[in-house]
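Dear colleague,

I am passing on the structure we spoke about, together with some notes on what turned up when I went through it. Please read the notes with the structure open beside them.

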Amino acid sequence: MNDSLVDQQWLHVDINSYFATLVQQEVPSLRGRPVGVVKDVGRTCIIAASKEAKQLGIGVGTRLAEAKILCPDLVIMPCDFDQYLSATRNLKQILDHISPDVEIFSLDESFIHFLPLKRQYNSAVLLAQLIQSQIRQVLGEWVTCNVGIARTRLLAKMSGETTPKGSVSWVHLPDEAALLARTKFKDVCGVGLRLENKLARMNITVPYQINFVDQQQLESLVGVFWLKELNKMAMGDDPLFLTRINDYQHQAMKSIGRSITGYQLWSNTLEIKRIIYNLTAEVVYKARSQQLLPRQVSIRLIGRDQAWGDFQTFRHHVFHTQEVFNLIWQMVLQAWQPFPVIKIAVRLSLLESWQKVVPPLWPEWRRRERLELAINAVTQKFGLHTLQPGLQLGIAPIMPEVTGFFGDKGYYLGGSR
Amino acid sequence: MFTPIREKIDVLGIYQHGVFIPKKIKWRDQIRLIKQITLTSNIKAAGVDKRVYGVVIGSDIYRIEFNRLDETWQLKEVYCE
């Protein structure tokens, strides 16, 4: 490989303060003002903040009351997931025109492999500037993005996230060590709070330090898997999960989950039952629309200071919403000691393609399958929860939503929706 | 915050490079000029594809929505602070 190309292999495109920037793009009077985005009217946790709000110390997870103290003029807007998903599809379209090999990492972040584009664009910086201008042209003049250029995805992302908004940054080979030595683990993609705290016990706060610590001691602290991954990070190489971003295109999802956090604690068992059914209907529909069937179902209920969860693994596959719901509800009835709940999560795991599964022959199963197919056909045409069982009558359904991490991109970008 | 209006409107626009660009709306017998389109989103609600435009009319920001199934326009929401 040409030496001059080694440090410009990957581009990381990251839209700045995505949700809040789109709000400011749509409402010009909010541009330049601190904006906080909450999940819905009445919610108290900020899920996105504009760059002006971030400068005042308001960020993801800041409580509304706390944010109002930091900035009394903060404008609060409810989020609009459909709008963000539409913008992400536009972003994907822009990048797909530039390269056939785009990796959509999250709702607002993508990686582009530059080497195959070298002939067409000559320099990664020129390509970065082209991407920035096209994003402004399609999504709007207020929408800016950072583009990081580096030898690996990890370095490109680290660089893009530590430079001023709207900039293009290029990590040259001699500068890699400095970047790895100044970026704290909390800003390193893939390192969560627990791992960060474990590393802090060995006084390790930046990836570069990993090169100089006792490997046996580190292994006993973090285990074999993370020892290997951290060593890759310390060299600026991509950890495993950054090399598997596009797996969703050719590899089926392994699990599908959905959770909801309430406005207030739920104590009514019927209400909890209805929410569990609602979430179950969504995950089963998502699984079936990708022709996947689970062999494991799990449920988790989280309260103020209590949590309960359970799962069941089967030798057979589970096909239908009602079947999954009955299994989950049985677990709840058998083992849950009731307490007020703030968060409910259901998950289908050990998913397998239904082409590998021989469907049962019982007449009752076939009847249920016909019913499920009919409901799925209506859902596909008119949206989720158009048909509801009697249990759900009279209550507003909880609709699907995308998350910033975009874990179900296979469902949203794969054409199932 | 956006406040719902949900009233039918007529829209006059042009096609530019194969893309429809709304230019004027007729709402309650008044014709209003769209100064700027701030954001365009393609959404799917209850199985129906819709295109939502954030538009500046006068000094206000509205959302107008084109229902791609029955080809009708609606003045969906107005932004009020």
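**Backbone, strands and cores**

His385(A) is placed in the loop between α14 (363–382) and α15 (409–413) of chain A. Please keep in mind that this is a predicted model. The phi of His385(A) is near 65°, which is a positive value in a residue other than glycine. Is His385(A) buried or exposed? With a relative accessible area of 9%, His385(A) falls under the 20% cut-off and is therefore buried.

A second residue of this kind is found in chain B, where Glu71(B) has a phi near 55°, again a positive value in a residue other than glycine. Glu71(B) lies in the loop between β5 and β6 of chain B, and, with a relative accessible area of 60%, Glu71(B) is exposed.

β5(B) and strand β6 (residues 72–79) of chain B pair in the antiparallel sense over 6 bridges, and they form a hairpin with 4 residues between them, Glu71(B) being in the turn. Within this pairing, Asn67(B) stands opposite Thr72(B) of β6(B). Strand β5 (residues 60–67) of chain B is itself mostly covered, with 6 of its 8 residues buried.

Turning to the packing, the largest nonpolar core has 47 residues, and those with the most contacts inside it are Leu11(A), Tyr84(A), Ile131(A) and Ile135(A). Several elements of chain A each supply at least two residues of this core, among them β1 (10–15), α4 (81–98) and α6 (124–139), while the largest share, 8 residues, comes from α4(A). Leaving aside residues up to four places away in sequence, Ile135(A) touches Val13(A), Ile15(A), Leu91(A), Ile94(A), Gly140(A), Val143(A) and Cys145(A). There is also a second, separate core of 35 residues, which includes Ile260(A), Ile276(A), Ile328(A) and Met331(A).

With best regards

Technical notes:
Residues numbered from 1 in each chain as written. Chains lettered and ligands numbered in written order. Predicted model: local features only at pLDDT ≥ 70, side-chain atom pairs only at ≥ 80, totals over all residues. Heavy atoms only, no water. Buried < 20%, exposed > 50% of the residue type's maximum accessible area, 1.4 Å probe, protein only. Pairing = 2+ DSSP bridges. Core = buried A, V, L, I, M, F, W, Y, C linked by side-chain atoms within 4.5 Å. Contact = heavy atoms within 4.5 Å.
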